[in-house]
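Reader: I would like to go through this model in order, with the cut-offs stated. Please begin with the terms.

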Amino acid sequence: EKVTIVVLRNREYGQPNPGKISQDLAAILFGEKYEIPQAKVIAQVDPKIYDAYVGAYQLAPNFILTVTREGDRLMTQATGQGKIEIFPESETKFFPKVMEAKITFVKDESGKVTHLILQQNGEHKAMKIK
């Protein structure tokens with residue numbers, strides 16, 4: 001038996017991810033494991049903590065994720081891409097609304113941010129370079 005699953009949407013980027021939706025629909029159809037997406041909840045955090053996260057994080061030799069603070073908003077911008085606002089899930093975990101990803105800022109024993117972990121199509125560590 002062949003099964004074809006087609007997922008259509010009227011936006012190019014962002015959630016929900018049509019590839020993930022089609023995989024989950026196939027899993028439901030064949031009685032396999034699947035994950036029901038959970039709604040993201042924006043946590044109430046003091047925007048002053050954003051100052052520690054501001055900087056440049058190296059994902060690859062020529063691919064930098066720059067984190068900036070604009071008032072009470074935390075923004076990210078990858079090399080060659082536009083700015084994206086990220087929202088707090090906790091004091092160290094953030095997510096964008098426009099795509100499926102998660103950013104976790106990691107601190108050392110002294111509380112200084114040393115790197116971040118980007119979860120998007122796998123897990124990617126990016127050292128803070130400035």
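Author: Helices (H or I, at least four residues) and strands (E, at least two) are DSSP runs, numbered from the N terminus. This is a predicted model, where local features need pLDDT of at least 70 and side-chain atom pairs count only at pLDDT 80 or more, while totals for chains, interfaces and linings use all residues. Residues are numbered from 1 along each chain as its sequence is written, and side-chain values use heavy atoms, with hydrogens and water left out.

Reader: In what order do the 8 strands close into a barrel?

Author: Two strands count as paired if DSSP finds at least two bridges between them. The pairing here is antiparallel, and the barrel closes in the order E1-E2-E3-E4-E5-E6-E7-E8.

Reader: Over how many bridges do E7 and E8 pair?

Author: Strand E7 covers residues 113-119, and its Ile117 stands opposite Lys125 in E8. Their hairpin has 3 residues between the strands, and Asn121 there takes a positive phi near 55°. The antiparallel pairing of E7 and E8 runs over 5 bridges.

Reader: Which residue in E8 is the bridge partner of Gln58?

Author: Strand E1 (residues 55-60) pairs with strand E8 (residues 123-128) in the antiparallel sense over 2 bridges. In one of the facing pairs, Tyr57 stands opposite Lys128. For Gln58 the bridge partner in E8 is Met127.

Reader: Which strand gives the most to the lining of the second largest pocket?

Author: A pocket is found on a 1 Å grid over the protein atoms alone, as an open set of points where a 1.4 Å probe fits, with protein on both sides within 12 Å along at least five of seven lines; lining residues have an atom within 4 Å of a point. This lining has 18 residues, with Leu65, Ala78, Met99, Leu118 and Gln120 nearest the centre of the pocket. Strands E2 (63-70), E3 (73-78), E4 (83-88) and E6 (102-107) each give two or more residues to the lining. The strand that gives the most, with 3 residues, is E3.

Reader: What span does helix H1 reach from its first C-alpha to its last?

Author: H1 takes in residues 18-29, 12 residues in number. The expected span is 1.5 Å times one less than the number of residues. Just after H1, Gly31 takes a positive phi of about 70°. The helix is close to the expected 16 Å, and its span is 16 Å.
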